[in-house]
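Biologist: I would like to learn how to read a structure. Can we go through it feature by feature?

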Amino acid sequence: MGHHEHFDVLIVGAGISGVGAAYHLQHQCPDKSFVVLEALESFGGTWLMHTYPGVRSDSDLYTFGYRFKPWLGAPIATADEILTYMGEVIEENDLAPHIRYQHKIVSAVFSRKTNLWTLEVDRTDTGERRVFTCNFLWMCQGYYRHAEGYTPDWPGLKDYKGQIIHPQTWPKDADLSGKEVLVIGSGATTATVVPAIAPHCKHVTVLQRSPTYFIPGRNINELVDMLRQIDVDEHWIHEIARKKILFDQDQFTRRALGEPEALKEELLTGVRAFLGPDYDMTHFTPHYRPWRQRIAFVPDGDLFQGIAAGKASMVTDEIDRFTESGVLLKSGKALNADVIVTATGFNLSVLGDIPFSVDGAAVNFADTVTYRGMMFTGVPNMVWVFGYFRASWTLRVDLLGDFVCRLLKHMDEKGVRRVEPVIPAGDAGMATAPWIDPENFNPGYLMRSMHLLPKRGAKHEWQHTQDYWREKDEIPAIDLDSAEFSYA
């Protein structure tokens with residue numbers, strides 16, 4: 001196979017997870033050799049791929065940023081600001097020599113005889129095939145397919161004569177000035193795109209099947225501004241801001257479960273403040289309790305300001321079919337548009353859609369049970385970083401960074417070369433269920449792909465609980481010699 005290299009640890013992906021993993025590995029296990037393989041031409045993952053107008057975070061950067069590097073900007077940040085921040089992490093910690101771009105993994109094979117992973121990798125810039133081996137595989141490749149977004153198979157889609165744009169593959173030359181634009185969907189992407197394009201369009205109509213919750217607010221953090229005013233050290237500010245935001249989020253989540261009606265009314269009141277007392281609030285009144293789907297923060301209420309100014313309007317209805325000039329709704333109403341933006345979500349990618357095998361047998365992750373949403377039964381020497389839906393993704397990047405480094409050191413101390421999660425004999429009959437309880441969290445991309453994801457067990461250590469506030473104490477306290485770990 002020609003070119004072959006070996007590393008102690010191989011990190012897959014140079015997005016927010018992979019860069020964080022590389023930092024923790026370098027600082028906590030300085031004796032370990034490692035490489036980061038990235039399929040794209042640069043770092044950033046989501047923030048590099050998504051180029052639609054206005055692209056920004058939908059959670060605050062004090063918790064979306066890493067715990068080890070203070071965030072100095074506004075709480076909600078643009079993709080460019082996040083990329084700059086990540087670039088500084090790479091530069092300040094000299095991570096660049098460890099990252100290989102345009103390296104696309106074709107297969108991943110583990111052998112219990114050698115206790116090694118063997119990865120076949122295509123160099124997309126030169127076309128050559130390379131082989132990498134490693135003792136431990138750290139999967140940080142994100143969780144959706146960058147190459148294509150999810151577009152429902154609507155009747156008559158081919159009849160439409162205008163331009164169709166999916167935000168995930170926004171064309172560089174798209175010109176919406178003076179045009180009638182229809183945006184389909186009502187999630188975080190819509191809340192980002194509409195304020196960015198509305199000033200230039202003739203009009204933007206947002207078509208949603210069902211309403212979504214939003215949190216409008218000023219894009220400032222008053223606590224942070226006050227601490228800066230009195231000249232507190234930025235590292236302290238970062239730590240205090242994170243603690244305060246996480247405390248507030250915990251309270252919010254508890255209220256979503258304990259007093260959903262009161263919380264719902266507060267959220268709607270926040271939106272109504274921008275839209276005025278006469279606005280038809282049915283367009284912003286969801287049928288589910290808060291937090292069953294992610295809630296986007298709308299900085300300075302910009303989405304609602306556009307609606308109040310008459311530049312954008314909401315329609316709640318279902319599509320019957322597409323026509324030459326737009327869409328026909330189930331109510332019989334027609335919406336005509338020069339351009340249709342399908343902000344209809346994405347397709348989940350389970351472990352980068354890479355074919356895995358262990359000892360010659362293909363791994364079907366849907367047949368495995370997950371250990372805390374990061375390891376899988378029957379798959380040795382591997383951890384997958386899957387973040388939080390109700391808190392910033394990066395919180396789990398930092399937590400699992402500590403865990404992986406502790407596990408690697410523990411294996412060295414024990415003189416072992418293999419670790420895999422096993423369901424203890426006493427729990428052999430434990431019931432299993434889909435990855436996420438749909439009563440708890442049920443966005444479309446998860447519901448569409450649940451059959452591809454690992455199973456969760458009845459006991460919480462065999463689940464991705466999505467509960468940062470519990471995991472922040474539990475994961476550092478995991479007993480690495482407990483019955484859930486098998487070493488060899």
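Biologist: In which strand is Glu420 found?

Modeller: Glu420 is found in strand E24, residues 419-421. Helices (H or I, at least four residues) and strands (E, at least two) are DSSP runs, numbered from the N terminus. This is a predicted model, where local features need pLDDT of at least 70, side-chain atom pairs count only at pLDDT 80 or more, and totals for chains, interfaces and linings use all residues. Residues are numbered from 1 along each chain as its sequence is written, and side-chain values use heavy atoms, with hydrogens and water left out.

Biologist: Is Glu420 buried or exposed?

Modeller: Buried means under 20% relative accessible area, exposed over 50%, partly exposed in between (1.4 Å probe, protein chains only). Glu420 has a relative accessible area of 9%, so Glu420 is buried.

Biologist: Which side chain does Glu420 join through a polar contact?

Modeller: A polar contact is a pair of N or O atoms within 3.5 Å; within protein, one must be able to donate a hydrogen and the other to accept it, and residues adjacent in sequence count only if both atoms are side-chain atoms. Here the side chains of Glu420 and Arg112 are joined by one of 3.0 Å.

Biologist: Which residues of H7 are buried?

Modeller: An α-helix has 3.6 residues a turn, so residues three or four places apart point the same way. In H7 the buried residues include Ile237, Ala241, Ile245 and Gln249.

Biologist: At what angle do H6 and H7 pack?

Modeller: Two packed helices are described by the angle between their axes and the distance between the axes. Axes are lines fitted to C-alpha atoms, for helices over the stretch in contact, and angles run from 0 to 180 degrees between N-to-C directions. H6 and H7 pack at about 155 degrees, with their axes 10 Å apart. That makes H6 roughly antiparallel to H7 (angles over 145 degrees count as roughly antiparallel). Leu223, Val224, Leu227 and Arg228 in H6 meet Glu234, Ile237, Ile240, Ala241 and Lys244 in H7.

Conventions
Angles under 35 degrees count as roughly parallel, over 145 as roughly antiparallel, 65 to 115 as roughly perpendicular and the rest as oblique. Contact means heavy atoms within 4.5 Å.
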